[in-house]
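Keep the sequence and the structure in view while reading.

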Amino acid sequence: MADRKRIYLSSPHMSDEGYEREYVGQAFDSNWIAPLGENIDGFEAEFAAITGAEQAVALSSGTAAIHLALKCAGVGEGDRVICQSFTFCGSANPIIYQNAIPVFADSDYETWNICPNALETAIKKHKPKAVIAVHLYGLAADMDAIISLCDHYGVAVIEDAAEALGTLYKGRHAGTIGDYGVFSFNGNKILTTSGGGILTAHSSEMADKVRFWATQSRDPAPYYLHSQLGYNYRLSNVLAGIGRGQLKVLDDRVAKKRMIFDYYKRELCGCGDLEFMPERAWNQPNFWLSCITLGESGRVGDIIAVLEAENIESRRLWMPMHLQPYYKDHDYVGSDVSETLFNTGLCLPSDTKMTESDLSLVCGIVKEVLSR
């Protein structure tokens, strides 16, 4: 229905209290709108305090954070990096930025994330410099198995927690367990700075290196001196102010995402071959998006079309990287799990501004399509 207000998959949601305006106003009042200032320092410190990260560096995007994590891990030209295939391209593209070679590994149905068996096979075959493990849709990967394998073979672990801020793995925040963690604050994430990211690390030495590289590798000198290649990757002090305000409502956003997932599960459970994204005893997801699968004969396209006709946004699950035209010639290790999830999976609208009436409407449409 064209005149109905659109229901989004996941849109920006500023705090009702106006925390963001306060911090942004301070940046304007002080004229510090450059990529340094009180908000950046505060954002990094407050993010670390909330997540338990030892070090946090605010950057221009989650993709930039993965790029610099790879650089920290010593990844260079010709090195192999194993990346989860079932993910967004931002997980894999930075491997190419470093002139390295991506190797894609399959997921498992238990976590929807990188399969430890496929990972070990890929490590033995390719002897990689690093592994990029993704916490997809806020579902934590099996970090104990991944860390154990990578420690045994001497491989760095980069956690792509772009979709998983607020997710807990055995009580620890996803993105703080591996050697490096990556978070995104893109407009559709659980918290947003409109665009931005954070890299977490375990040592101040690594964090300082990242800040150095992210500010064009400017050497300490009374003029512009550059002994290394640098990048313009620092976050604006204005956007960091938005981030500081958003951090204050993280618990509220996670609670609302959980309520949305629980609502769908309560209303749609038992509808044909519909199944929900997996929940493990050790995993407390942030439920960034509520996702379902519909079996091999699923009606994904039909549901998307009917929802869109009612001005409701939904989307298929990520198309695996090894199926993408750009990456089709790179090695893939595994079976057909990620491909099956892509073919049968659907992201339901999970916007934190949704009302119960909105949720009821979505559930009614899904039920109607599946009853045909």
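**Helix pairs**

This is a predicted model. Start with helix α5, residues 116-126, and helix α6, residues 143-153. Their axes are 10 Å apart and the packing angle is about 15°. Angles under 35 degrees count as roughly parallel, and α5 and α6 are therefore roughly parallel to each other. The crossing of these two helices, α5 and α6, is right-handed. On the α5 side, the contact uses Pro116, Leu119, Glu120, Ile123 and Lys124. On the α6 side, Ala145, Ile146, Leu149, Cys150 and Tyr153 take part. By class, the residues of the α5 contact with α6 are 8 nonpolar and 2 charged, with no polar ones.

The second pair is helix α3, residues 62-72, and helix α7, residues 204-214. Their axes come within 10 Å and cross at roughly 120°. The pair α3 and α7 is therefore oblique. The crossing of α3 with α7 is right-handed. Leu68, Lys71 and Cys72 of α3 make the contact with Met206, Val210, Trp213 and Ala214 of α7. That contact of α3 with α7 counts 6 nonpolar residues, 1 charged residue and no polar residues.

**Buried residues**

| Residue | Element | Relative accessible area |
|---|---|---|
| His126 | helix α5 | 17% |
| Phe104 | strand β3 | 0% |
| Thr293 | strand β12 | 11% |

His126 belongs to helix α5. Is His126 buried or exposed? Buried means under 20% relative accessible area, and His126, at 17%, is buried. What joins the side chains of His126 and Asp331? A polar contact of 2.6 Å does. Beyond neighbours within four places in sequence, His126 is in contact with Arg80, Val103 and Asp331.

Phe104 sits in strand β3, residues 101-105. With 0% relative accessibility, Phe104 is buried. The C-alpha atoms of Phe104 and Tyr332 are separated by 4.6 Å, while the two residues are 228 residues apart along the chain. Leaving aside neighbours within four places in sequence, the contacts of Phe104 include Cys83, Gln84, Ser85 and Ala92. Also among them are Met321, His322, Tyr327, His330, Asp331, Tyr332 and Val333.

Thr293 is part of strand β12, residues 290-293. Its relative accessible area is 11%, and Thr293 is buried. Which residues does Thr293 contact, leaving aside its neighbours within four places in sequence? The contacts of Thr293 are Trp112, Asp273, Leu274, Glu275, Leu341, Thr344 and Gly345.

**Positive phi in loops**

Most residues other than glycine have a negative phi. Two loop residues carry a positive value. Asn99 has a phi near 60° and is not a glycine. Where does Asn99 lie? Asn99 is in the loop between α4 (93-97) and β3.

Gln216 also is not a glycine, and its phi is positive, at about 65°. Gln216 is placed in the loop between α7 and α8 (237-247). With 37% relative accessibility, Gln216 is partly exposed.

Definitions and conventions:
Residues numbered from 1 in each chain as written. Predicted model: local features only at pLDDT ≥ 70, side-chain atom pairs only at ≥ 80, totals over all residues. Heavy atoms only, no water. Axes fitted to C-alpha atoms, helices over the stretch in contact; angles between N-to-C directions. Helix = DSSP H or I, 4+ residues; strand = E, 2+ residues; numbered from the N terminus. Parallel < 35°, antiparallel > 145°, perpendicular 65-115°, else oblique. Left-handed = near helix turned anticlockwise from the far one by under 90°. Contact = heavy atoms within 4.5 Å. Nonpolar A, V, L, I, M, F, W, Y, C, P; charged D, E, K, R; others polar. Buried < 20%, exposed > 50% of the residue type's maximum accessible area, 1.4 Å probe, protein only. Polar contact = N/O pair within 3.5 Å; in protein donor to acceptor, adjacent residues only side chain to side chain.
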